[in-house]
Amino acid sequence: MPGHVGSDYQKLRPDFKVIADPYSGKDVLLVPAIVPDVSLIHALQADTEGNLLLDEKEDDFLLAQASRVVVASADEIVPPDTLRRAPYGVRLSAIYVTALVHVPGGAHPTACRGRYGWDEGHIKEYLRLAGSDAAFRGYLQRYVLDLKDHAAYLAEVGLGALAA
């Protein structure tokens, strides 16, 4: 982490170490690797064997490799040949995936490239309501607890066509 040398991280985390980068000679901050017990990731696509196509702009590939358990959702499950021919994205081998669930619209309110974009209005609503316990309980009631299933959630947020 070259941008954090000299920051308070070194005071707060004695396990972070500064060394000279062997390539540039500049100081870099080394941090211990994380090993999450479980990671939840959403794939652009998955195949029937559990391989994933991930957005190369995200760090899901590294997160999956670091995690003990990976639960993945995907907007679409396709035959293995279809996934291999995908024109963009990073492929993650099924050996890193513990469980895979088909969840169209599963990235909402964030984006799933090529399918749907960010729902800026919903994200703003979430951020506003997350500011207090009472308001956040109302958010959870409306978007989680009062809804029968994910298809009902998609209908509530105006993405009902994805559930079809």
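## Strands and pairing

Two strands pair if DSSP finds at least two bridges between them. Strands here are DSSP runs (E, at least two residues), and helices are H or I runs of at least four, numbered from the N terminus. This is a predicted model: local features need pLDDT of at least 70, side-chain atom pairs count only at pLDDT 80 or more, and totals for chains, interfaces and linings use all residues. Residues are numbered from 1 along each chain as its sequence is written, and side-chain values use heavy atoms, without hydrogens and water.

Strand β4 (residues 45–47) pairs with strand β5 (residues 52–54). The pairing is antiparallel, over two bridges. Q45 stands opposite L53 in β5. An open sheet of four strands runs in the order β7-β4-β5-β8, with mixed pairing. Its edge strands, β7 (77–78) and β8 (90–92), each pair on one side only.

## Overall form

The protein chain has six helices and nine strands. Its radius of gyration, taken over C-alpha atoms, is 20 Å, well over the 15 Å that the globule rule gives for 164 residues, so the chain is more spread out than a compact globule. That rule is 2.2 Å times the number of residues to the power 0.38. The C-alpha trace spans about 55 × 50 × 25 Å along its principal axes.

## Burial and exposure

Of the 164 residues, 30% count as buried. Buried means under 20% relative accessible area, exposed over 50%, and partly exposed in between (1.4 Å probe, protein chains only).

L145 lies in helix α5 (residues 133–145). L145 is exposed, with a relative accessible area of 58%.
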